[in-house]
Amino acid sequence: MPTGSEKSAFDPVRDVRILREPTVYVVGRQTVDLAEIDRFLADHEVGSWQTDTEVAAEHLTEVAGRLCYLSFARPRPGGNETYLKHILEVGHGSVLEHAVWNLLIVGVSRSLTHELIRHRVGMSPSQLSQRYVDESVAEYVEPDVIAEDPELHRIWLDAVAISHRAYLELVERLLEKYKDEPDRTLRRKMARQAARSVLPNATETKIFITANARALRNFIELRASRHAEVEIRKLAVKVLRLMQNEAPHIFSDYQLTELPDGTFEATTPHRKV
Ligand SMILES: Cc1cc2nc3c(=O)[nH]c(=O)nc-3n(C[C@H](O)[C@H](O)[C@H](O)COP(=O)(O)OP(=O)(O)OC[C@H]3O[C@@H](n4cnc5c(N)ncnc54)[C@H](O)[C@@H]3O)c2cc1C
């Protein structure tokens, strides 16, 4: 194993892994306990009700909505789709808070997650720690407009390389500075938490989000808008497409329109339900 000066020098062209697209893993979704719903209906003599959706999130939001008016006995025709469409039309958005997903998002920059965590309501984040996790693997998110221009790309890569080299050197020297600290984990944390100050906004990060449908809708409306920054807009459009597949009765009112730069914008007649 190479040590000290034998270590091969950091070469940005070879060693920087450039990312341009976020990846979203839908790692969790709800399930319905049908027996418990039936038990509730029987206990309260509110009729024998069934829905026609197989999507738990749609099922549970309908139960929550129907509970408000105890409207299980004689539902209007049209099934779950019509019911949730009405919820969107009248803006009874609080029932959408009962639909929840767990999303694992990777390949995004720290500048994106700084914007993402501004969504305070109904969206809970857990993010990779730069204090505990080593950032010496060079993964950076490059904006499309820079990546597509060779001269801008060169300037960007040079800047990333300078920061990355500084990070590596600072970690090494800080570990030396803290060498008397017997706790290895603490020693590394102290070194990394100071060294990370030179890492750029482009640094790749990973974030786990638990969000309800109402919060996701607000996120999509604000961030899949033409006014949003491109990277987070791409993420918001990706999340929308996944959600339209997950729960079409809650998310199918959005239209996607292509913008001049080839990215997409989402719009809906039912903003901020
Ligand atoms: C294009 C764009 C540009 C932006 N530029 C900037 C910028 O320059 N600087 C900056 O700081 N931020 C900026 N933001 C972030 C923005 O101000 C919001 O913080 C972010 O979009 C989250 O929106 P939100 O507050 O609706 O979401 P959430 O925090 O999830 O809140 C959801 C909703 O709950 C309600 N709510 C939440 N908190 C409160 C409260 N305390 N009191 C009353 N009601 C509440 C509101 O109705 C709110 O819309 C920008 C956002 C966008 C989309």
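His153 counts as partly exposed, because its relative accessibility is 22% and that class sits between buried, under 20% relative accessible area, and exposed, over 50% (1.4 Å probe, protein chains only). This histidine belongs to helix H7, residues 150-177; helices (H or I, at least four residues) and strands (E, at least two) are DSSP runs, numbered from the N terminus. His153 and Glu142 are 11 residues apart in sequence, and their C-alpha atoms are 8.4 Å apart in space. The model is a predicted one, where local features need pLDDT of at least 70 and side-chain atom pairs count only at pLDDT 80 or more, while totals for chains, interfaces and linings use all residues. Residues are numbered from 1 along each chain as its sequence is written, and side-chain values use heavy atoms, with hydrogens and water left out.

Past H7 comes Pro182, found in the loop between H7 and helix H8 (184-195). Pro182 has a relative accessible area of 73%, so it is exposed. Pro182 and Pro12 are 170 residues apart in sequence, with 34 Å between their C-alpha atoms. Another histidine, His249, lies in helix H11 (residues 248-251). With a relative accessibility of 18%, His249 counts as buried. A polar atom of the His249 side chain lies 3.5 Å from the backbone nitrogen of Glu81. For such a polar contact, the rule asks for a pair of N or O atoms within 3.5 Å; within protein, one must be able to donate a hydrogen and the other to accept it, and residues adjacent in sequence count only if both atoms are side-chain atoms.

Now for helix H9, which is mostly covered, with 8 of its 11 residues buried. The buried ones include Ala213, Leu216, Phe219 and Arg223.

On a 1 Å grid over the protein atoms alone, a cavity is a set of points where a 1.4 Å probe fits but cannot get out, whereas a pocket is an open set with protein on both sides within 12 Å along at least five of seven lines; lining residues have an atom within 4 Å of a point. Grid points are joined across faces, edges and corners, and a volume is the space filled by probe spheres set on the points. The count comes to 1 cavity of 30 Å³ or more, and the largest cavity holds about 40 Å³ of space. Among the residues that line the largest cavity are Leu103, Met123, Phe219 and Val239. By class, this lining has 9 nonpolar, no polar and no charged residues. Here Ala, Val, Leu, Ile, Met, Phe, Trp, Tyr, Cys and Pro count as nonpolar, Asp, Glu, Lys and Arg as charged, and the others, Gly among them, as polar.

The second largest pocket has a volume of about 480 Å³. Its lining takes in 26 residues, and Asp144, Val230, Glu231, Lys234 and Thr263 lie nearest its centre. Helix H5 (110-116), helix H6 (144-147) and helix H10 (230-246) each give two or more residues to this lining, and H10 gives the most, with 7. By class, the lining of the second largest pocket splits into 8 nonpolar, 5 polar and 13 charged residues.

On to the ligand. The residues around it (a heavy atom within 4 Å) include Arg118, His119, Asn218 and His227. This shell has 2 nonpolar, 3 polar and 4 charged residues.

Lys272 lies in the segment after strand S8 (264-267). Its relative accessible area is 65%, so Lys272 is exposed. Lys272 is not a glycine, yet its phi is positive, about 50 degrees. Most residues other than glycine have a negative phi. Leu70 also has a positive phi, near 45 degrees. Leu70 sits in the loop between helix H3 (56-69) and helix H4 (79-90), and at a relative accessible area of 47% it is partly exposed.
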